[in-house]
Amino acid sequence: MSARTAYLDHAAASPLDARVRAAMLPFLGDDFGSPSSLHDWGRRPAEALERAREQVAALVGADPDQVIFTSGATEARNLAIGGLAAGNRALGRRITATAVEHPATLAACRTAVRDAGGLDLVPVDGLGRVDPEALAAAVGEETAVVAIVHGQPDIGTLQDLPALVAAARGAREEARIVVDAGETAGLVALDAGALGADALVLGGGSIGGPAWTGALVVRPGARLHPLIHGGLQEGGKRAGAEDLPGIAGLGEAAAIAAGTIAERTARMAELTGRLRAGLLSVADVRLNGDPDRRIPGHVQVSAGWVEGESLCLSLAARGVAVSPGSACTAHGGKAAPALEAIGLEPPWTHSAVLFTLRHTTTEDEIDLAVAAFAESVAALRAMSPLRP
Amino acid sequence: MSARVVDALGTWCPVPIYLIDRAARRAAAGEVIELLADDPLIEVDLPAWCHRSGNALLELRRDGGAYVGRVEITRPAGGGDAGGPPRDPSPGRSASG
């Protein structure tokens, strides 16, 4: 590995702010007690649990009682889809979802309708955008749940949430609407109250907390069944001992994010612009997703006649950390469904690499990544049997 | 006055009663709490909890496969001490791990 390195894989994992780490450490040490205990060892953990709940709620304009902590956005997605489908069978057995949902959401939808009902997928355009009219047309009298991803994790496109929520609500007012902000909370300002969704998925990674933390914000009366049964934790909606270190870290990260979102996104916009310009200066490289409405710090490109995993490994050998295709399908060897949904075909679907940065990224890292990208693409194309 | 909604759907005794007891302790006098539950034991537990805690059961009805209970809080802020929820022997740790 070269002496200089560039870590541009923050969607997969990201170093914790020192303040976040500090908030977590007491619960790995003296404050080891259970927040459910009646004795004194439980007091500080219980206080920390509720403080974190308030901090996470404040980040997204929710009431603390609406926050259910989970083991990450993936569990929150499963709880939202599975829990609302189970609790609202009287509304119907069909689920409507955009074609570019996170794979966890799509899997949860398919599981929820496996025995009865069906899944209606709403197509997107070439930039990954969902048309509100198309969404409304896919919501019918049997639709119990509607899933809308805010920031698409592979291609980075941000959806127009207010228009989509209004369209779904207009098509069927009582349908339960799940908004997946698992990749955007903490990076994009969100107001759960104004949004009017029934459930909002949050992930620790984008907020700046541990990647293994997350939460589901649920409107009272949305009728959510738990997926994990057998305890009083999280209002009975998510039984099991709480991850106090992680939750305390998530809360601290949410408080930091709420106070710094504008300056961080401005800094990320500068860095992202520099990265995009450098990557797109290489011939036959395309940006995937919407060029204007994107997750901050998210750049996915496809390099023609280069296999994405090979490119990722070549970059790694040059000290640059990225993910092939998406952070979530890095080991699957499959094209991300979102790339197919926007109409890409091989070899473009298999030549995608994802760069994700944060405000702590440096210009030096960007420049190293751009230079390594140009070198790697040239080297791989020189030996590629695919190149015409 | 609109009711505060406590969603206990999909949970089993003692969770629904624990949830309404917790909500009652945070509520103001005169506030109405609406409990959604689908554990059939709620038909017994909710009237018993209201009787023991001194709060008023306004309604308990079937709603499809679930129950909707409406309780007016007449003894808030710990008023349920004499008749709290049936305690799980170790409520927080009953599902630890």
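Me: What percentage of the 97 residues of chain B count as buried?
Reply: Keep in mind that this is a predicted model, where local features need pLDDT of at least 70, side-chain atom pairs count only at pLDDT 80 or more, and totals for chains, interfaces and linings use all residues. Residues are numbered from 1 along each chain as its sequence is written, while chains are lettered from A and ligands numbered from 1 in the order in which they are written. A residue is buried if 20 or more other C-beta atoms, placed from the backbone, lie within 10 Å of its own, partly exposed below that, and exposed if 12 or fewer do. For chain B, the buried share comes to 36%.

Me: In what order do the elements of chain B run from the N terminus on?
Reply: Helices (H or I, at least four residues) and strands (E, at least two) are DSSP runs, numbered from the N terminus. Chain B has two helices and four strands. Their order is β-α-β-α-β-β.

Me: Is A:Glu345 buried or exposed?
Reply: You'll find A:Glu345 in the loop between helix H11 (337–341) and strand S13 (352–356) of chain A. A:Glu345 has 10 other C-beta atoms within 10 Å, so this residue is exposed.

Me: How many residues of chain B are in contact with chain A?
Reply: Two residues are in contact if their C-beta atoms, placed from the backbone, lie within 7 Å. Chain A brings 23 residues to this contact, and the number from chain B is 19.
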